[in-house]
2 protein chains.
Amino acid sequence: MQFPSKLIEDAVHAFATLPGIGKKTALRLVLHLLQNETANTKQLADAILKMRMEIKFCQTCHNVSDADICSICSNGYRDKSVVCVVENFRDIIAIENTRHFNGLYHVLEGLISPMDGIGPEQLNIQSLASRVQTGEIQEIIMALNPTIDGDTTIFYLSKMLSKYEVKITSIARGIAFGGELEYVDEITLARSIQSRLPYENYLSK
Amino acid sequence: MQFPSKLIEDAVHAFATLPGIGKKTALRLVLHLLQNETANTKQLADAILKMRMEIKFCQTCHNVSDADICSICSNGYRDKSVVCVVENFRDIIAIENTRHFNGLYHVLEGLISPMDGIGPEQLNIQSLASRVQTGEIQEIIMALNPTIDGDTTIFYLSKMLSKYEVKITSIARGIAFGGELEYVDEITLARSIQSRLPYENYLSK
């Protein structure tokens, strides 16, 4: 692709570094910015730069935060005995949107991935151990993606935490609500039969 | 969607103003920026801001440019007797990529659209008339999208330019190469039969 201007070319290349944005989409975004007020572009540039420079991470749970301690950790009404372990802050937003969890979180900022060369020491795992050591936490819920990396991380964490008196659980895996048995993959279907629930439990969900 | 931080919220909202980017995608982009070096975010912010603030528009054809006259208009090897009228600079990039056009361009920066309240006076139409008035131009090729707005604009321009001695043509419309007759819409198929070419012309393309 040949560009009529170096400025356009730089902007397209910068947009195209973002995930899911190719050169054609990037060009569409650039055209949109050019067709609108200069103020809109300034606002976008300022918002992302300010966000990246000034963002803080909660000293307790590593969630993104405007202060040293995030609004969830500093909320007195939340159950401090249950901690939900997630991969990143996007998962916190997803779980918070369900309004069905009132405990705290712990953000790993990634998953153990031997293929990508990510070991436990690069994740926020030591700080999780420190939190468990205080004895305040009674249950750790693993809410990680059902992938090989996710399962590896759960396995590592459960091994590491086995020496403490803490209950370790994982979010249920099975057939999604509204899903059809016919189209569910074999592993999920097999697992959902193995981990079947008494009908009363099912109803109470 | 509830956000753990005002900074994240602002950045997500700013990204979500771009076309084709919803809140979930915006959140994914923000997460990507947070997971990468601060320098990457700075580069993106700088690139789009610099592009928007410093971009110039060619005084002759209104193409985006780094100088007062764009590289196409100032190129001595191009045929100055043929001008291709396009909606925006993206179309110039597309046509330039074909390497089959050696004339100049004229960017309207939009199409006449009564529905959106865009009239001829908001587009670069007066400057096109001025270019034709000089008598240097022998042919105007209309390369506008085959939509109602595109056709309205072509109709308006051809009426306006009819008093000058200039040939007005439009890019061919028909069945795309590799397309199958079966799946072509009726209007396109009907038009492509009406504007059929002698076989020799077809071969020479």
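Here's a quick tour of a sheet, some domains and a chain-to-chain contact. This is a predicted model, in which local features need pLDDT of at least 70 and side-chain atom pairs count only at pLDDT 80 or more, while totals for chains, interfaces and linings use all residues. Residues are numbered from 1 along each chain as its sequence is written, and chains are lettered from A and ligands numbered from 1 in the order in which they are written.

**The sheet in chain B**
- Chain B has an open sheet of four strands, in the order E4-E3-E5-E6, with parallel pairing.
- Strands here are DSSP runs (E, at least two residues; helices are H or I, at least four), numbered from the N terminus, and two strands pair if DSSP finds at least two bridges between them.
- At the edges sit E4 (103–107) and E6 (167–170) of chain B, each pairing on one side only.
- Strand E3 (residues 79–86) of chain B runs parallel to E4(B), and five bridges join them.
- Asp79(B), for instance, has Gly103(B) in E4(B) as its bridge partner.

**Domains of chain A**
- Chain A is split into domain 1 (6–53), domain 2 (79–171) and domain 3 (173–205), with bounds from an automatic or database domain assignment.
- The centres of domains 1 and 3 of chain A, taken over C-alpha atoms, are 43 Å apart.

**Where A meets B**
- Chain A puts 53 residues into the contact, and chain B puts in 53 residues; residues are in contact if their C-beta atoms, placed from the backbone, lie within 7 Å.
- On the side of chain A that touches chain B, H3(A) gives the largest share, 15 residues.

Definitions and conventions:
Two residues are in contact if their C-beta atoms, placed from the backbone, lie within 7 Å.
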